[in-house]
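Subject: Structure handover and notes

Hi,

My notes on what turned up in it follow below.

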Amino acid sequence: MNAKIKSPINFSVIDKMPSSLPMGGIVADTPIFSVDTQALALFNKPDTNINEAKLTTLALEDRLAFVIDNVLTAEECELIINITEQLGYRPEAPGIQTPPGMRMNESVHWLSDELVLDKVFKRISSLLPAKIDNRSLHPRLSQRMNFYKYNQNDVFNRHIDGAWPGFGFSEDKSQMVKWPHVESMLTMLLYLNGHENGVEGGCTKIYGDIDTIDVKPQTGRALFLDMALA
């Protein structure tokens, strides 16, 4: 692989938001970053992975839950890991409110260039439901990407995700703006590494009304859950 960043990337703070800490408390101004597109040149190459995505439906009563493998290549995942490490993981998470002890991990938040998410969306769009509860699929993925890093004994305890608005850049790329009339109905959890990389544990346990399913982390895999399950 050649995705490792040999020199520091250029990035800036596009916004700041109040943030919650794992064991309670608020940090007033936690940054959300923007990354120079030069660091993302890998995503500007012709897409040789366009037809590799594979969907597996998870059998969990009447809930919508599925996995798509090969959403990102190993090289793309390595690049994103290296970028987020340079942005810097920290205990607080902007715009996310969790009770003390629920979210025990570190996070970094990145308003990504369309270059990354347009490529991801083209790979998976044909596999996504066209409508959920009679609401049509939005033609873009929100550009706000929330990354979580789990160290030994870290865990995100059982919870239900709330709906998120879509976010993108203002026309002059100077601010983060909320998309009007756009709200998530699926959670997408994208794994950047997995057991094949030496990760221990890290499974996502999904609770249904009766059964539970453990989804193993795997490089480039995306887990999709409706909001009642996340």
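Let me begin with a hairpin: β15 and β16 form one, with four residues between the two strands. One thing to keep in mind throughout is that this is a predicted model.

The hairpin

Strand β15 covers residues 204-207 and pairs with β16 in the antiparallel sense, over four bridges. If you want a place to start looking, Thr 204 stands opposite Val 215 in β16. Strand β16 itself runs over residues 212-215 and has two faces: Ile 213 and Val 215 make up the covered one, while Thr 212 and Asp 214 are on the uncovered one.

Helix α1

Next comes α1, residues 74-87. The helix has 14 residues and reaches 20 Å from its first C-alpha to its last, close to the 20 Å expected at 1.5 Å a residue. Which residues of α1 are buried? They are Glu 76, Cys 77, Glu 78, Leu 79, Ile 80, Ile 83, Thr 84 and Leu 87.

What covers the buried residues of α1? The cover includes strands β1 (11-20), β2 (26-35), β7 (106-111) and β10 (144-149), together with helix α2 (114-124). After the helix comes Gly 88, whose phi is positive, near 100°.

Ser 20

Ser 20 lies in strand β1, one of the elements that cover α1. Is Ser 20 buried or exposed? Its relative accessible area is 6%, so Ser 20 counts as buried. A polar atom of the Ser 20 side chain lies 2.4 Å from the backbone oxygen of Ile 96. Beyond its neighbours within four places in sequence, Ser 20 is in contact with Gly 25, Ile 26, Pro 91, Glu 92, Ala 93, Ile 96, Gln 97, Thr 98 and Arg 103.

Salt bridges

How many salt bridges does the structure hold? There are seven, and three of them are described here.

In one of them, Asp 47 is joined to Arg 123, with the closest N and O atoms 3.0 Å apart. This pair links distant parts of the chain: Asp 47 sits in the loop between β2 and β3 (54-57), Arg 123 belongs to helix α2, and 76 residues separate them. Asp 47 is partly exposed because its relative accessible area is 26%, whereas Arg 123, at 3%, counts as buried.

Another joins Arg 221 to Asp 69, where the closest N and O atoms are 2.6 Å apart. These two are 152 residues apart and again link distant parts of the chain, with Arg 221 in the loop between β16 and β17 (222-226) and Asp 69 in strand β4 (residues 65-69). Both partners are buried: Arg 221 has a relative accessible area of 14%, and Asp 69 has one of 12%.

The side chains of Glu 114 and Arg 140 also meet in a salt bridge, at 3.4 Å from N to O. Glu 114 is in helix α2 and Arg 140 in the loop between β9 (135-136) and β10, so to speak of distant parts of the chain, linked across 26 residues. Glu 114 counts as partly exposed at 32% relative accessibility, and Arg 140 is partly exposed with a relative accessible area of 32%. Finally, salt bridges that share partners join Asp 47, Glu 76 and Arg 123 into one network; Glu 76 is among the buried residues of α1.

Two positive phi values

Most residues other than glycine have a negative phi. Asn 70 has a positive one, near 65°. Asn 70 is placed in the loop between β4 and α1 and is partly exposed, at 34% relative accessibility. Lys 173 likewise has a positive phi, near 65°. Lys 173 is found in the loop between β12 (165-169) and β13 (176-183), and counts as partly exposed at 44% relative accessibility.

Happy to talk any of this through.

Best wishes

Conventions: Residues numbered from 1 in each chain as written. Predicted model: local features only at pLDDT ≥ 70, side-chain atom pairs only at ≥ 80, totals over all residues. Heavy atoms only, no water. Expected span 1.5 Å × (residues − 1). Buried < 20%, exposed > 50% of the residue type's maximum accessible area, 1.4 Å probe, protein only. Contact = heavy atoms within 4.5 Å. Polar contact = N/O pair within 3.5 Å; in protein donor to acceptor, adjacent residues only side chain to side chain. Pairing = 2+ DSSP bridges. Salt bridge = Lys/Arg side-chain N within 4 Å of Asp/Glu carboxyl O.
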